[in-house]
6 protein chains.
Amino acid sequence: MADTWLTTLITATPQEGFELAIKLARMGVKYTQPSAEVRDKLRSVYGEDADALIASSQVVATNFQTIAAANGYWK
Amino acid sequence: MADTWLTTLITATPQEGFELAIKLARMGVKYTQPSAEVRDKLRSVYGEDADALIASSQVVATNFQTIAAANGYWK
Amino acid sequence: MADTWLTTLITATPQEGFELAIKLARMGVKYTQPSAEVRDKLRSVYGEDADALIASSQVVATNFQTIAAANGYWK
Amino acid sequence: MADTWLTTLITATPQEGFELAIKLARMGVKYTQPSAEVRDKLRSVYGEDADALIASSQVVATNFQTIAAANGYWK
Amino acid sequence: MADTWLTTLITATPQEGFELAIKLARMGVKYTQPSAEVRDKLRSVYGEDADALIASSQVVATNFQTIAAANGYWK
Amino acid sequence: MADTWLTTLITATPQEGFELAIKLARMGVKYTQPSAEVRDKLRSVYGEDADALIASSQVVATNFQTIAAANGYWK
């Protein structure tokens, strides 16, 4: 993946940090499944699947731990 | 998501921190499934599914780690 | 949830800390499924389901990490 | 559970720490399913189920993180 | 596995760290299933399976925690 | 388990640390299923199961966190 998409873990606010955590979760999927078409098709399915949504939130929570630590918890 | 919903990880008590962890878990779902209608429909299903409830509690536990660390464990 | 149920993460012993971790795991479920009747019904099912019991133990382990850190590992 | 079974996280060696992590994983199950008879029955099933064995190893890994930190990584 | 494939956790940028996290996730699979042929066959299946993609992203998130800490969060 | 198999978490290189993480993941299984015959039988099955391979990589990632911290991230 030649694009630059992550230059820093520092964000201005906790909410921006949370949104970066979501981006990391999605990029973790994208590196394994690079086709936007396939990912869009899958999203329409798992967006209605409670188990998949909870599992997604788990990935976000894990990435948010990393980002929160990087930002000194925005204290 | 234009709304501001997370300005700090600091809470007055551990219980408020736990409740913020629950909010983060739900927001992790909401960013993937923005429709309140769909989320409500799903909740009525997984609220009676032990596996989904345990998985939800896992996401809360992970977010609570982050929040507890941010608050110096309320010591 | 108006009740106060968590005022501190500090416990006298590691075992009390582990028992608090179990309480947090259960509260993580309770916030999503507030009905004691439904939770009791589910428990009688997943109490005989190895996968659910192992997943529960995973939630406890995650919460115990938080509580152990809060207590300086009771050293 | 009135018995005292956990008085310290400190162990003499990493291996004893790993074995304590296994004990914590099992106690996480026991608090939810107190019947030894039911647990023994379940173990004979999931002991032949790769998914359950891997999930068990995940719980042990999480508890071992806690115990290793408590022991300063036995350095 | 006689090859040398991991000599440092230090990377120049967060993105390179994320890409190393992906490599670690894949190596965690490779040590269990050394056959490239089998792994390629499996990838074509789970690349279209939302649950497997989310689970993969979870492994990457966990490895990224380690690498981010090793790099002092690239601050 | 009377054998001594883990005397230190310190390794010379990150790669040796990763390989130790794999050993810990396998030992987490072995303590629950001591029969080498059963484990070999299971491995031939889950080695072709993407979900199980990803779950295994998750356990390795968790153990690698512990070992990397123990080694000061080999800096």
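User: How many salt bridges are there between chain C and chain D?
Analyst: In this predicted model, the count between chain C and chain D is one salt bridge.

User: Which residues form that salt bridge, and how far apart are the closest N and O atoms?
Analyst: The partners are C:E48 and D:K41, and their closest N and O atoms are 3.5 Å apart.

User: And how many residue pairs are in polar contact between those two chains?
Analyst: Between chain C and chain D the count is 12 residue pairs in polar contact, where both residues have a pLDDT of 80 or more. On the side of chain C that touches chain D, α1 (14–30) and α3 (50–70) of chain C each supply at least two residues, and α3(C) gives the most, with 12 residues.

User: What classes do the residues on that side of chain C fall into?
Analyst: The side of chain C that touches chain D has 12 nonpolar, seven polar and six charged residues.

User: OK, how much area do chain C and chain D bury between them?
Analyst: Chain C and chain D bury about 2400 Å² between them, and 63% of that is on carbon and sulfur atoms. Within chain C, the residues that lose the most area to chain D are C:Q15, C:F18 and C:I54, which together make up 24% of what that side buries. In terms of contacts, 25 residues of chain C are in contact with 33 residues of chain D.

User: Switching to chain A and chain B, how many residues are in contact there?
Analyst: There, 25 residues of chain A are in contact with 33 residues of chain B. The two chains bury about 2400 Å² between them, with 63% of it on carbon and sulfur atoms, and A:Q15, A:F18 and A:I54 supply 24% of the area that chain A buries against chain B, more than any other three residues.

User: Which side chains meet in a salt bridge there?
Analyst: The rule finds one salt bridge across the interface of chain A and chain B, and in it the side chains of B:K41 and A:E48 meet at 3.5 Å, N to O. Across that interface there are also 13 residue pairs in polar contact, both at pLDDT 80 or more.

User: You mentioned A:Q15, so where is it found, and is it buried or exposed?
Analyst: A:Q15 is found in helix α1 of chain A, and A:Q15 counts as buried because its relative accessible area is 7%, which is under the 20% cut-off. The side chain of A:Q15 also reaches the backbone nitrogen of B:L6, at 3.2 Å.

User: What about the largest nonpolar core, how many residues does it have?
Analyst: The largest nonpolar core has 174 residues, and those with the most contacts inside it are A:F18, B:F18, C:F18, D:F18, E:F18 and F:F18. As background, in soluble globular proteins nonpolar side chains tend to be buried together.

User: Which residues does E:F18 touch?
Analyst: Leaving aside residues up to four places away in sequence, E:F18 touches A:W5, A:L6, A:L24, A:M27, A:G28 and A:Y31 in chain A, together with E:V60 and E:F64 in chain E.

User: Last one: how far apart are the nearest C-alpha atoms of chain B and chain D?
Analyst: The nearest C-alpha atoms of chain B and chain D are 12 Å apart, and these two chains do not touch. Chain D and chain E do not touch either, with their nearest C-alpha atoms 12 Å apart.

Technical notes:
Residues numbered from 1 in each chain as written. Chains lettered and ligands numbered in written order. Predicted model: local features only at pLDDT ≥ 70, side-chain atom pairs only at ≥ 80, totals over all residues. Heavy atoms only, no water. Core = buried A, V, L, I, M, F, W, Y, C linked by side-chain atoms within 4.5 Å. Buried < 20%, exposed > 50% of the residue type's maximum accessible area, 1.4 Å probe, protein only. Contact = heavy atoms within 4.5 Å. Buried area = accessible area lost by both parts, 1.4 Å probe. Salt bridge = Lys/Arg side-chain N within 4 Å of Asp/Glu carboxyl O. Polar contact = N/O pair within 3.5 Å; in protein donor to acceptor, adjacent residues only side chain to side chain. Helix = DSSP H or I, 4+ residues; strand = E, 2+ residues; numbered from the N terminus. Nonpolar A, V, L, I, M, F, W, Y, C, P; charged D, E, K, R; others polar.
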